[in-house]
Amino acid sequence: MPGMFGRLKITVEETPNPNARKFNLTQPLTPGDRRSYYTPDAAADDPIAARLFEIRHVTAVMLLGDFCTVNKTPQGRWTTITPKVKAVLKAAVKGKGVEGPRAQGAE
């Protein structure tokens, strides 16, 4: 059950790709199945991925267990995108689905 493992923490790791970041959660985000999306249309049936694609400059999303990898355009800035990604992930894990703050307009 979401939220039953204590306080949620999200850490962010850089990757070799400067346009990708790995978001690690202290609680599971998905049941363990890998889900990768490269377009908003492909993510339409996945509420978490669909909300992440609402963030300006997000180009790809991969969800697996207790982490999420997000790719952005070269024009996007992590300082603006990261708080929006965290808000979507927190809302999803806390059992609020993706009803947290709208992700729209990261920049």
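This is a predicted model: local features need pLDDT of at least 70, side-chain atom pairs count only at pLDDT 80 or more; totals for chains, interfaces and linings use all residues.

On one side, strand 1, residues 10–14, pairs with strand 2 in the antiparallel sense over 5 bridges. Within this pairing, E13 stands opposite K22 of strand 2. Strand 2 is also joined to strand 5 by 5 bridges, and these two strands likewise run antiparallel. Here R21 has V70 of strand 5 as its bridge partner. Is strand 2 largely enclosed or largely open? Of its 6 residues, 5 are buried, so strand 2 is largely enclosed by the rest of the structure.

K22 takes part in a further arrangement. Its charged end sits over the ring of F67, at 4.5 Å from the ring centre. Pairs between aromatic rings, by contrast, number 0 in the structure.

Attention may now turn to the interior. In soluble globular proteins, nonpolar side chains tend to be buried together. The largest nonpolar core in this model comprises 24 residues, and the members that touch the most other members are L29, L52, C68 and L89. At least two core residues come from each of strand 2 (20–25), helix 1 (47–53), strand 4 (58–64), strand 5 (67–72) and helix 2 (78–96). Helix 2 makes the greatest contribution, with 7 residues.

Leaving aside residues up to four places away in sequence, L29 touches I48, L63, G65, D66, F67, C68, L89, A92 and V93. For the protein chain as a whole, contacts between residues at least 6 apart in sequence include 54% that join residues at least 24 apart.

Some totals place these details in context. The protein chain has 107 residues, of which 44% count as buried. Its accessible surface comes to about 6000 Å², and carbon and sulfur atoms account for 53% of that area.

H57 lies in the loop between helix 1 and strand 4. Its phi is near 85 degrees, a positive value in a residue other than glycine. Is H57 buried or exposed? The relative accessible area of H57 is 17%, and the limit for burial is under 20%, so H57 counts as buried.

Note on methods:
Residues are numbered from 1 along each chain as its sequence is written. Side-chain values use heavy atoms; hydrogens and water are left out. A nonpolar core is a set of buried Ala, Val, Leu, Ile, Met, Phe, Trp, Tyr and Cys residues joined through side-chain atoms within 4.5 Å. Buried means under 20% relative accessible area, exposed over 50%, partly exposed in between (1.4 Å probe, protein chains only). Helices (H or I, at least four residues) and strands (E, at least two) are DSSP runs, numbered from the N terminus. Contact means heavy atoms within 4.5 Å. Accessible areas come from the Shrake-Rupley method with a 1.4 Å probe; for residues, only the protein chains shown count as cover. Rings of Phe, Tyr and Trp (its six-membered ring) pair if their centres lie within 6.5 Å; planes under 30 degrees apart count as stacked, over 60 as edge-to-face and the rest as tilted. A charge sits over a ring if NZ of Lys or CZ of Arg is within 6 Å of the ring centre and within 35 degrees of the ring normal. Two strands pair if DSSP finds at least two bridges between them.
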